[in-house]
Amino acid sequence: MIEFAYSLKSDAKKAFDEIRSKSGNLYFKPNLAVVYLTENLQKDAKVFKFDFNTLCIPVEGFITPQRVWTRGCLCMFMDIDYSLNVLKGSINEVVEQLRNAEKGEFNLLVYPLFYVESYRSSIGKYLKLKLTSDIETASQIYGEMIYPMNTMLRPFRDESKEAVSLNIFPLKLGFGKPQIFLNGEKLGRGVVHISFSKRFDASFTDYLPERGRDLEETKEILKGEFHFVEEVELKKSSLAIGELNGQTVRDYLRKYRVKTRDNLEKDIERGDFFGATPYILLLLSRETCGSAALGLMDYNLKFYPSLFDLNVFEDRGIFSGEILKSGLERIKSEIKNLKSGFVFFDQNLMLMFEEKLVRAFKDYSGYGIITSFPSFSGSLNKRFMSEIEPNIFTNSTLSTVFVDLPDQRK
Amino acid sequence: MREKLLEIIEIFKTDESILFAVIFSIDGTVLASHIKGREWISALEWAEKQVEVVARQVLEENLNSVEFRFEREGILIKPISRSMLLVVGISDVASLYKVRIDTESLRYD
């Protein structure tokens with residue numbers, strides 16, 4: 001059984017008191033609460049703690065029937081058969097733990113996509129990145145900060161178990177952020193895996209046409225969907241991009257007069273890092289002929305970090321500007337088909353459409369969150385562009401997951 | 001009705017980036033209000049004058065919203081019903097796109 005309660009208060013104690021008081025009206029006794037906290041509440045996440053497992057996840061906004069909010073919090077109360085595990089370690093260690101974990105019919109992963117605990121802990125890595133000329137070394141250093149989106153879903157894909165990943169990448173990234181809390185304790189760099197024995201009907205969309213049967217066809221489709229600039233040759237490793245057409249990412253962007261960022265370390269330290277950009281590199285999957293976008297920012301980095309394991313992609317890509325053609329109409333037509341349930345909606349769409357998004361949801365009677373491009377593993381009937389490995393759907397823009405909740409009380 | 005309006009204002013009371021939030025009727029009457037501090041009274045008085053000018057246009061000519069951007073602060077005027085306007089003053093630390101989204105969600109028929 002599942003029910004929702006929300007508060008629009010920006011004071012953590014008042015917001016928690018409000019949802020706790022609403023929990024008193026539930027018709028069941030919950031054994032799990034997932035609390036989605038917007039920006040103002042995130043620093044006080046430890047306040048949100050019930051006397052059963054409480055997972056607090058930072059989000060950019062949330063959706064209630066006919067409404068969209070960027071303040072307050074949404075709480076999902078559940079009385080459900082589940083197991084919850086926290087996994088820590090390197091990428092390989094966590095993937096191994098996921099492979100060995102018991103997986104339910106439906107699985108939820110929650111983790112920070114890019115995480116550095118503090119300035120002190122990052123200074124060594126930052127210096128090594130500046131000093132190294134070896135892309136493999138750079139990739140390994142990034143591997144200490146990033147859990148790549150496609151890699152994390154492979155254990156589920158390989159066992160044909162459905163999984164939704166909340167790979168959290170806040171719009172305002174900083175040291176020690178994102179702040180994911182479990183039972184009042186900060187997760188830090190780790191992965192929460194919730195395994196549900198019950199199956200939920202889940203679906204995915206990226207609002208794009210189906211991918212081509214070969215890479216040439218996919219490229220033509222992408223050129224029609226995005227603001228195409230040019231094809232580029234890549235020098236890359238697993239988690240690092242060395243060059244685009246023989247230049248660093250910064251020099252390449254500066255060629256196009258992109259001059260919006262300066263010093264990454266200072267921006268993160270001051271909380272000025274904004275985790276969205278309209279400049280994207282469309283990567284081409286050699287496994288599926290699909291594509292995923294990687295946002296490009298003109299920071300002064302010899303090697304640019306990737307949020308995906310790049311080994312599944314070709315050594316060429318397409319530099320583009322992000323635009324969703326007939327954008328809002330496409331979103332509306334997908335939302336129209338939704339039954340009441342839960343939607344994990346990409347935060348880039350919120351930035352693109354702002355208050356027009358509220359009108360897109362005015363006939364939607366379910367709930368949801370606005371978060372960083374959720375990923376999905378499962379078997380779907382459409383050749384989605386974002387299916388970059390067989391049965392792994394991931395992108396750093398546009399991706400949206402819907403989950404039907406038949407036990408939700410209306 | 002008054003309770004509903006106070007609930008709307010309540011949403012902004014605990015947000016430090018909101019300088020003031022006021023609901024006006026179409027004739028300029030203040031129906032509910034919150035102001036962060038006395039130093040913002042003059043800004044609110046200025047906003048009231050703009051409401052007198054734009055109220056009819058916003059409500060009758062279907063203007064979605066009106067925004068004023070200053071060096072640091074901003075003022076957003078938005079209809080929340082056929083006869084009421086919400087005026088929100090925001091500081092330079094507020095994210096304008098967030099205020100646009102939340103005020104749009106406050107509209108009701």
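Let me begin with the fold of chain B: among its contacts between residues at least 6 apart in sequence, 47% join residues at least 24 apart, a contact meaning that two C-beta atoms, placed from the backbone, lie within 7 Å. This is a predicted model, in which local features need pLDDT of at least 70 and side-chain atom pairs count only at pLDDT 80 or more, while totals for chains, interfaces and linings use all residues. Residues are numbered from 1 along each chain as its sequence is written, and chains are lettered from A and ligands numbered from 1 in the order in which they are written.

Chain B contains 3 helices and 5 strands; these are DSSP runs numbered from the N terminus, helices being H or I of at least four residues and strands E of at least two. Starting at the N terminus, their order is α-β-β-α-β-β-β-α. The radius of gyration of chain B, 12 Å, is close to the 13 Å that the globule rule gives for 109 residues, so chain B is as compact as a globular protein of that length. Here the radius is taken over C-alpha atoms, and the rule is 2.2 Å times the number of residues to the power 0.38.

I turn now to the sheet. The 5 strands of chain B form an open, antiparallel sheet in the order β2-β1-β5-β4-β3, where two strands pair if DSSP finds at least two bridges between them. At the edges stand β2 (30–35) and β3 (66–69) of chain B, each with a single partner strand, so one side of each has no neighbour in the sheet. From one strand to the next, the twist averages 10°; angles run from 0 to 180 degrees between N-to-C directions, with axes fitted to C-alpha atoms, for helices over the stretch in contact.

Within this sheet of chain B, β4 (residues 74–79) and β5 (residues 84–90) run antiparallel and are joined by 6 bridges. One residue pair to look for is B:Gly74 with its bridge partner in β5(B), B:Ile90. Helix α1 (residues 2–13) of chain B packs on the sheet, where it touches β1 (18–25), β2 and β5 of chain B. Helix α3(B) lies across β4 and β5 of chain B, at about 160° to β5(B).

Finally, which chain does chain B touch? The contact takes 10 residues from chain B and 17 residues from chain A. On the chain B side, helix α3 (residues 96–105) gives the most, with 7 residues.
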